[in-house]
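Open the model in a viewer and keep the selection panel at hand. The stops below go from the whole chain to single residues.

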Amino acid sequence: MVKIVAAPFALIAKSLGKNSDIFADIKYDIRPQGLGSEAADRLNKVADAMKEKPELVLTLQQSVDIGENMKAYALFNVKRDYFEQENGRKPSLDEFEDVLKIKNTDAKFVDYVNSKAEPLHAVGDISQKCVAICGPEVVEAQVKSNIERRYQSVVNHFTTQGIPASRLK
């Protein structure tokens with residue numbers, strides 16, 4: 001889970017006569033390529049507040065558990081590969097939800113993971129085995145790339161709302 005935080009949000013919101021919830025943590029799922037409508041709506045409210053206070057500078061901070069994100073990415077990558085093996089083709093973007101619905105405890109999926117993990121002498125739970133299968137360096141690079149992409153998406157969102165990048169840190 002990725003969070004972008006604005007602080008001290010309660011004081012800022014009060015000075016603007018706004019609900020402090022607009023400045024609370026915005027949580028992002030690791031999979032979507034965009035910000036999502038809920039996050040975009042909240043960011044629009046923050047942008048509106050920033051327009052009312054041109055002296056306000058917003059500090060963007062991402063709070064990321066790299067290890068947990070690596071497990072989630074690796075698990076998704078291996079499920080996607082399993083889907084491809086089972087269906088004889090890569091999943092379309094519309095089928096990514098089907099990939100996510102593959103249960104970590106599904107016997108055929110577990111057998112698939114174990115068959116890929118065994119030659120690597122990978123041990124641990126299924127997500128740890130998936131990290132070993134994908135390669136920790138590859139998965140970590142994916143996570144770091146997503147962190148940067150998410151940051152850039154937020155900056156771009158604010159600039160399209162008329163907030164200069166110089167007011168974002």
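**Whole chain**

Colour by secondary structure: the protein chain holds 7 helices and 3 strands. Helices here are DSSP runs of H or I with at least four residues, strands are E runs of at least two, and both are numbered from the N terminus. The order from the N terminus on is β-α-β-α-β-α-α-α-α-α.

This is a predicted model, in which local features need pLDDT of at least 70 and side-chain atom pairs count only at pLDDT 80 or more, while totals for chains, interfaces and linings use all residues. Residues are numbered from 1 along each chain as its sequence is written, and side-chain values use heavy atoms, with hydrogens and water left out.

Switch to a surface. The protein chain exposes about 9700 Å², 52% of it from carbon and sulfur atoms; the areas come from the Shrake-Rupley method with a 1.4 Å probe, and for residues only the protein chains shown count as cover. Of the 169 residues, 37% count as buried, where buried means under 20% relative accessible area, exposed over 50%, and partly exposed in between (1.4 Å probe, protein chains only). Among contacts (heavy atoms within 4.5 Å) with a separation of 6 or more, 64% join residues 24 or more positions apart.

**Helix α3**

Select residues 66-87. These 22 residues form α3, which reaches 31 Å from its first C-alpha to its last, close to the 32 Å expected at 1.5 Å a residue. The expected span is 1.5 Å times one less than the number of residues.

**The cysteine pair**

How many disulfides does the structure hold? The count is 0, a disulfide being a pair of cysteine sulfur atoms within 2.5 Å. For C130, the nearest cysteine sulfur is that of C134, 6.4 Å away. C130 is buried, with a relative accessible area of 0%.

**Helix α7**

Select residues 136-160. The end C-alpha atoms of this 25-residue helix are 36 Å apart, which agrees with the 36 Å it should span at 1.5 Å a residue. Buried in α7 are, among others, V139, V143, I147, R150, V154 and F158. Finish at G162, which follows α7 and has a positive phi, near 90°.
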